[in-house]
Amino acid sequence: MSTDENNTTMATTATRYTVAPGYRVNVRSGPSTQYPIVRTLPLGATVTISCQKYGEWISGPYGTTRIWDNIAPGEYISDAYVRTGSDGFVAPRCA
């Protein structure tokens with residue numbers, strides 16, 4: 001299998017989660033609303049969660065939680081806005 005085939009295989013096996021419908025979620029540089037907004041996800045976005053960590057308590061369409069999802073290096077969104085199907089961790093804890 002070539003490197004390109006490996007990358008394609010890896011990309012298709014990553015779990016993508018849906019962001020709550022009707023929300024443009026702010027992506028922050030850390031697990032709290034005190035961190036700066038680095039971008040905003042568009043309506044209908046899906047995300048891949050690389051790791052999760054505890055941070056500020058947030059209430060959203062999927063409950064109240066202090067779990068924050070790392071969706072890219074230096075990018076976090078509250079798990080309260082992500083449909084993971086779980087109230088707990090669905091990815092490894094961030095270091």
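In these legends, a contact means that heavy atoms lie within 4.5 Å. The structure is a predicted model, in which local features need pLDDT of at least 70 and side-chain atom pairs count only at pLDDT 80 or more, while totals for chains, interfaces and linings use all residues. Residues are numbered from 1 along each chain as its sequence is written, and side-chain values use heavy atoms, with hydrogens and water left out.

View 1. E75 belongs to strand 7, which spans residues 75–78; strands (E, at least two residues) and helices (H or I, at least four) are DSSP runs numbered from the N terminus. Apart from neighbours within four places in sequence, E75 is in contact with V27, R28, V38, R39, D69 and N70. E75 counts as buried because its relative accessibility is 16%, where buried means under 20% relative accessible area, exposed over 50% and partly exposed in between, with a 1.4 Å probe and protein chains only.

**View 2. R28, a buried arginine in strand 2.** R28 lies in strand 2, formed by residues 26–28. R28 is buried but has no salt bridge, and the nearest side chain of opposite charge, that of E56, is 6.7 Å away. A salt bridge requires a side-chain nitrogen of Lys or Arg within 4 Å of a carboxyl oxygen of Asp or Glu; Lys and Arg count as positive, Asp and Glu as negative, and His and the chain ends are not counted. The R28 side chain does reach the backbone oxygen of T33, at 3.1 Å. Beyond four places in sequence, the residues in contact with R28 include Y35, W68, E75 and Y76.

View 3. Three strands form an open sheet in the order 4-1-8, with antiparallel pairing. Its edge strands, each pairing on one side only, are strand 4 (46–48) and strand 8 (82–83). Two strands pair if DSSP finds at least two bridges between them. Strand 1, residues 16–19, pairs with strand 4 in the antiparallel sense over 3 bridges, and R16 has T48 of strand 4 as its bridge partner.

**View 4. The chain as a whole.** The chain contains 1 helix and 8 strands, running α-β-β-β-β-β-β-β-β from the N terminus. Of its 95 residues, 36% are buried. Among contacts between residues at least 6 apart in sequence, 47% join residues at least 24 apart.

Technical notes:
Polar contact = N/O pair within 3.5 Å; in protein donor to acceptor, adjacent residues only side chain to side chain.
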